[in-house]
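My notes follow in the order I took them.

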Amino acid sequence: MRILVVEDEKKVASFIKKGLEEDYYSVDVAMDGKEGTRLALSEEYDLIILDIMLPFKDGISILKDIRAEKISTPVLMLTARDNVADKVLGLDSGADDYLAKPFAFDELLARVRALLRRNSIEKNTVLFAGELQLDTQTHKAFRNGDEIQLTVKEYSILEFLLRNKNRVISRTVLTEHVYDYHFDSDTNVIDVYINKLRNKIDKGFDNPILQTVRGVGYIIKDN
């Protein structure tokens, strides 16, 4: 799942990015309102974490721009100001949830999970394709009941493909959802991870689940 964090305090932004990446999310960070607006309107995210007090453009204005463009991505607002008026303004402008600073990271993570569950068509936390299953709560994968050990990137790729099973995903789209927007999509690192992942989930089975569509991308087929 890909998350945009718009936060101008470097320590806070770094803290959030590091924590979310350790929990298997792909994270982009914008340090001001202009960059935050550009990314929110031009890139595809599963969730946006948006501070209110930002240079150049405040979070409420960004939120209004997002909703004016009919972008329904869940937005979690952050602010150092913990008063009812600010919360009402944020929620009335289209925010889905609100968290005041300082906050415990566990609470932020719980709110992120809740918003992603609420916005997901797939309410079940376990994703399936044939004998393969992925528990998005425990981050564990199994095939025929045997656990598969995955790295963070392997997990991210597998989750995204499973959420889009039976649909061909291009290398570019997959790269954008697994890495931040600074990453060079022309490298072959995705191919390397796909090969490692295929060896882990398909080796020894007659019916491969993860398949390559030559010249197009990758697909997980629900056999």
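Entry 1: I am working from a predicted model. I keep that in mind for every value below.

**Entry 2: the parallel sheet.** I traced the strand order first. The sheet is open, has five strands and reads β2-β1-β3-β4-β5, with parallel pairing. Which strands are at the edges? I found β2 (26-30) and β5 (97-100) there, each pairing on one side only. From one strand to the next, the twist averages 20°.

β3 (residues 47-51) and β4 (residues 75-79) run parallel and are joined by four bridges.

Entry 3: Which strands does α1 touch? Helix α1 (residues 10-22) packs on the sheet and touches β1 (2-6), β2, β3 and β4. Its direction makes about 170° with that of β2. I looked at α2 next. Helix α2 (residues 33-42) lies across β1, β2 and β3. Its angle to β1 is about 160°.

**Entry 4: two hairpins in a row.** Strand β6 (residues 126-129) runs antiparallel to β7 (residues 132-135), and four bridges join them. A129 stands opposite L132 in β7. The two strands form a hairpin with two residues between them. In that turn, G130 has a positive phi of about 60°.

β7 also pairs with β8 (residues 140-143), in the antiparallel sense and over four bridges. Here Q133 has F142 in β8 as its bridge partner. How many residues lie between the strands of this second hairpin? I count four between β7 and β8, and H139 takes a positive phi near 60°.

**Entry 5: the antiparallel sheet.** Another open sheet has three strands in the order β10-β12-β11, with antiparallel pairing. β10 (169-170) and β11 stand at its edges with a single partner strand each, so one side of each has no neighbour in the sheet. β10 runs antiparallel to β12 (residues 217-220), with two bridges joining them. I169 stands opposite Y218 in β12. I also found α6 packing on this sheet, where it touches β10, β11 and β12. The direction of α6 makes about 70° with that of β12.

**Entry 6: α6 against α8.** I followed α6 to its helix neighbour. The axes of α6 (residues 152-163) and α8 (residues 189-201) come within 10 Å and cross at roughly 80°. That angle makes α6 roughly perpendicular to α8. I listed the residues that meet. K153, E154, I157, L158 and L161 come from α6. On the α8 side are I190, Y193, I194, K196, L197, K200 and I201. Which classes make up this contact? I get eight nonpolar and four charged residues, and no polar ones.

**Entry 7: D202.** My last stop was the loop between α8 and β11 (210-213), where D202 is found. Is D202 buried or exposed? Its relative accessible area is 6%, under the 20% cut-off, so D202 counts as buried. What does its side chain reach? It makes a polar contact with the side chain of R143, at 2.7 Å. Leaving out residues up to four places away in sequence, D202 touches R143, N207, P208, I209 and L210.

Definitions and conventions: Residues numbered from 1 in each chain as written. Heavy atoms only, no water. Pairing = 2+ DSSP bridges. Axes fitted to C-alpha atoms, helices over the stretch in contact; angles between N-to-C directions. Contact = heavy atoms within 4.5 Å. Parallel < 35°, antiparallel > 145°, perpendicular 65-115°, else oblique. Nonpolar A, V, L, I, M, F, W, Y, C, P; charged D, E, K, R; others polar. Buried < 20%, exposed > 50% of the residue type's maximum accessible area, 1.4 Å probe, protein only. Polar contact = N/O pair within 3.5 Å; in protein donor to acceptor, adjacent residues only side chain to side chain.
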